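Take a walk through this model, one part after another. Keep the sequence and the 3D view side by side.

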Amino acid sequence: MCLAIPAKIIRTSGSQALADMSGVRRPVDVRFLENVKKGDYVLVHAGFAIEKIDPKEARETLKLLKSVSFE
Amino acid sequence: MNNTARILLGHGSGGTLTHQLLAKSIFPLFDNPILAQADDAAVFSLKGATALTTDSFVVQPLFFPGGDIGKLAVCGTVNDLAMMGAAPLYLTAACIIEEGFEISLLEKIIRSMSRAAREAGVTIVGGDLKVVEQGAADGIFINTSGVGSIARGRSVSGHGARPGDLVIINGHIGEHGTAVMAARQNYKLTTAVKSDCACLNGLVDAVLRAGPRVHVMRDPTRGGVATTLNEIALQSGVQIEIDEEQLPVTPAVRGFSEILGIDPLYLANEGKMLLFADPRSTAAALAAMRGHPLGKQARIIGRVTGKGEPLVVLRTAIGSTRILSMLTGEQLPRIC
Amino acid sequence: MKYIDEFRDKKLVSGLLEEIDRLSGQPVNLMEVCGTHTMAIFRSGIKQLLPETINLISGPGCPVCVTAQADIDAMLALARDKRVTIATFGDMLKVPGTRSSLEKERAAGCRVVPVYSPLDALELARERPGTEVVFLAVGFETTAPAIASVVSDARRQNITNFSIYCCHKLIPPAMKLLLDARELKLDGFLCPGHVSSIIGSRAYTGIARRYRMPCVISGFEPTDILETVLMLLRQRRGGAARVEIQYKRAVHPAGNPLAMRMLRAVFSAGDADWRGLGVIPDSGLHLKKPFHGFDAARKFRIAPVKTAAEPRQCLCGKVLRGVSTPPQCRLFGKTCTPEHPYGPCMVSSEGTCAAWYKYR
C-alpha cells in the first residue's frame, strides 16, 4: 500500500525540494528527513520524501544477493 | 474591455460571419482546387479498393509538447488509412467550437493541420464549422474523415495475424500519453517528453515497398500497446507473447509511469505502429523501418505463438509470464 | 532507474530461486501483508517461479479494500453535497459503495478531483475559496504522516475550506487479529516495506515474540521479495521467530522519528471498522481535538451509519483474511470484473482480486 519510488534531490529550499526520477521532476516535501542535500536519493510517496536511501546498505544488499547467486 | 477576437455564436449560423471566418482564417490555409469549388461536397475520382475512416479529437490540453489537436486530427486519420495499406489522399475536417474561443488559437490550429497535411501529402477538401454555447465544448472538438487508395497486393487487416509472425514496433512507447498527462499539470510533474505525434504513411510506404509479407499493421493509440495487441488477438483468434525486456521505453516515460503507478503499455502513442510480419520477411521489414526517420528504433518485441483462445501474454524481465489484458477505465495515479 | 533496476536483475533472481529451492521442503504459508507487495509479486510473475511448497497468501494490506462500506457511502454522500469538491487518490474512484461510486458521481456532475499528493489537495482549497475541499484520507502508516502534515499546515495557514474524511488504518493490529483468529496456519510474514520505513522494525517485535512468528520486512523488487522468502525459510528451519529487515536501504529499527512525531501530533489511535475483519480496537487514526475543525465527518455532520450490508456472495472479507483465493468466489471473473466490480478487492489496483484477474 505504499507506492514510493527512489528519486534524486536536485535542489532544496527549507522543507521543500525538487526531486528527479529519470528526468521527470516534481516538488517534494522533505520535512521528515534531516540534512537532505542535493544528490541524495530519497523515497517519494504522495509528494513527501519518507526516507533517505542508504547507498552503503544498497551496495551491501546487492553484494549479499550476488553471493547467494554465485556461490 | 477585452479586445481579443473571439468566436461568437454568430460564426456558426452559416451567414456572413461564417463566410468571413472561413474566407479569412480557414480556406487560405487549406488552399486547394477542390476546396476552392466551395460546393456542398468534394468531388474526385478514385481507382480500385478504397479505405474510409473517421475519428474525433477532444484532447486536453489543446497544445502540448510535440503537437496540438490540429496535428493530431490530421495524423490520426492519415495513420488509420496507412495501417490498412492505403495511400491517404483526401481528408475532411469538422470543427465544433465553443463560444468565446480565441480566433488566433483557431488559426494556429488550422495552420498546424495545414502543415501536417502538406507533409503527409494529403489534401483537406471539405469540412464544417459549428459553434456551441460556452461550456458545451472543451474549447474545440475536431472530427476528421479520410479516404485512401489501396494498391493491389497491399491490403492488410487485423484478421491477418498468423502463428509464427513476429511483432515489430517502430520506436519508444508511451510518449504521447506521458506528454499529454504531464501537460495537464494535474500532478505537478514536469518532463521533457514530447508527444510522438506523426503521420506514418511515409514509413508504411517504405516498408511495403521493400516487399515483406506484412500481415497486420495497427497504431497503438488510446489504450496503448497492450490494448491494441488484445484487439488483434481477438480479431485474428491468436495468442501473442511479448518480451518485456525488448519493449522500448525511454527512462523519462518509465520514471513518469513509476511515480504515478501506471503502466507504459497502456499509454497512448500517436506516431507508433505495430507490424506483424512473416518471420522470413522480418529482416526486410526492420531494415526498411530503420532506414526511415520514424523507424530508427524499430525492433522485434514479440511473436504470435499460436491459434485459438485469444490471449496476450508478457514474458517478464525475470523470466516468468503473466497475462496482459486490455485497459479497463482511465489510468489514475495511485498510492498503493 | 537507479535503486530499482539493479534489484530486478535476472541473474540474481535465478540464484535466489535456486537457493530457495534447496531450502524448501515442507509446505509453508507466508503472508504478504502489503497490497503493493501483492501487485509486485503478480507483475513480475514470481509465484510461478517459486517451488509449489511455498504458498504466498495475500493479506489485508490494501487500504482501499479494507475501507468499510459505510465509509465509502459517507464519502459518496460528501461528494453529492453541492458545497464540496472531493480530492482523492486515484485508487478510490471506482470503489463501489452500496449504490454508486465516485466515478459515477462525477459523471452525474459532482466535483471529484484525483490528486497525486494531499499537498495538491490543500493547494486546491487555496485556489478555490468558494468550495469546500474534502480530502479522502485513506492509507496506512506510510501515508498518514503526509496527511498529518497537510492538516497541520492547513491549521497554521488558517485554510478553513479544507477538511479530511479520515479512514487511516494501522497494520500491526490487523496482523495480530489474523493471528488471534487462527484461521490459517501461518509460517511467516513478509512485512510491508514502506509502512516500516515509518514505524520501524521494532513495531513487529511483540508479534514475533508473542506468536513465535518470523517477520521479515521486505522491499518491492523481485530480488527483495525473494531474499525475504529465503530469510523466512532460514528462520523457519532454524526454529527462530525474529524480526529482520531485508529492505535495509530504506528501513531502520526506529523507523522515521520525525514522521512518527507528526503523526502523533495530529492523530490518535481508536477503533476502526475494517471491511472483512470487523471493528478492530486501536487500529484506526482519528484527528486530535485541536484539529477537529478539519474533520469532514464533524464539519458536515455525517451521521454514524449502520454498517451497510456488504453484497452477499462477495468473498472480499475471506480474501482479505487470506482464507480464500479469488477464484473460489462465485462472482470472480463472471459478475465481478474490473469493469463491473462488486467489492473493493476487484477495484483497487492492488486488490487481491484485481491482481489475480489482471495478472492471472
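Predicted model: local features only at pLDDT ≥ 70, side-chain atom pairs only at ≥ 80, totals over all residues.

In chain C, the average pLDDT is 92. Of the residues in that chain, 97% score at least 70.

Start where chain A meets chain C. Chain A brings 29 residues to this contact, and chain C brings 44 residues. On the chain A side, three elements each supply at least two residues: β4 (41–45), β5 (48–52) and α1 (55–69) of chain A. The helix α1(A) gives the most, with nine residues.

Now move into chain C. Here an open sheet of four strands runs in the order β4-β3-β5-β6 (chain C). The pairing is parallel. Why is one side of β4 (111–114) and of β6 (162–166) of chain C left without a neighbour in the sheet? Both strands stand at the edges, and each has a single partner strand, so one side of each has no neighbour there. From one strand to the next, the twist averages 25°.

Look next at one pair within this sheet. Strand β5 (residues 132–137) of chain C joins β6(C) in the parallel sense, over five bridges. F135(C) has I164(C), in β6(C), as its bridge partner. A helix also packs on the sheet: α6 (residues 118–127) of chain C. This helix touches β3 (84–88), β4, β5 and β6 of chain C. The direction of α6(C) makes about 170° with that of β5(C).

Finish with chain B. Its domain assignment gives domain 1 (9–150) and domain 2 (166–323). Taken over C-alpha atoms, the centres of these two domains of chain B are separated by 27 Å. Their contact takes 21 residues from domain 1 of chain B and 19 residues from domain 2 of chain B. Which elements give two or more residues to the domain 1 side? They are α3 (69–82), β4 (86–98) and α4 (103–120) of chain B. The largest share of that side, seven residues, comes from α3(B). By type, the residues on the domain 1 side of this contact in chain B divide into 13 nonpolar, six polar and two charged.

Technical notes:
Residues numbered from 1 in each chain as written. Chains lettered and ligands numbered in written order. Contact = placed C-beta atoms within 7 Å. Pairing = 2+ DSSP bridges. Axes fitted to C-alpha atoms, helices over the stretch in contact; angles between N-to-C directions. pLDDT = per-residue confidence, 0-100. Domains from an automatic or database assignment. Nonpolar A, V, L, I, M, F, W, Y, C, P; charged D, E, K, R; others polar.
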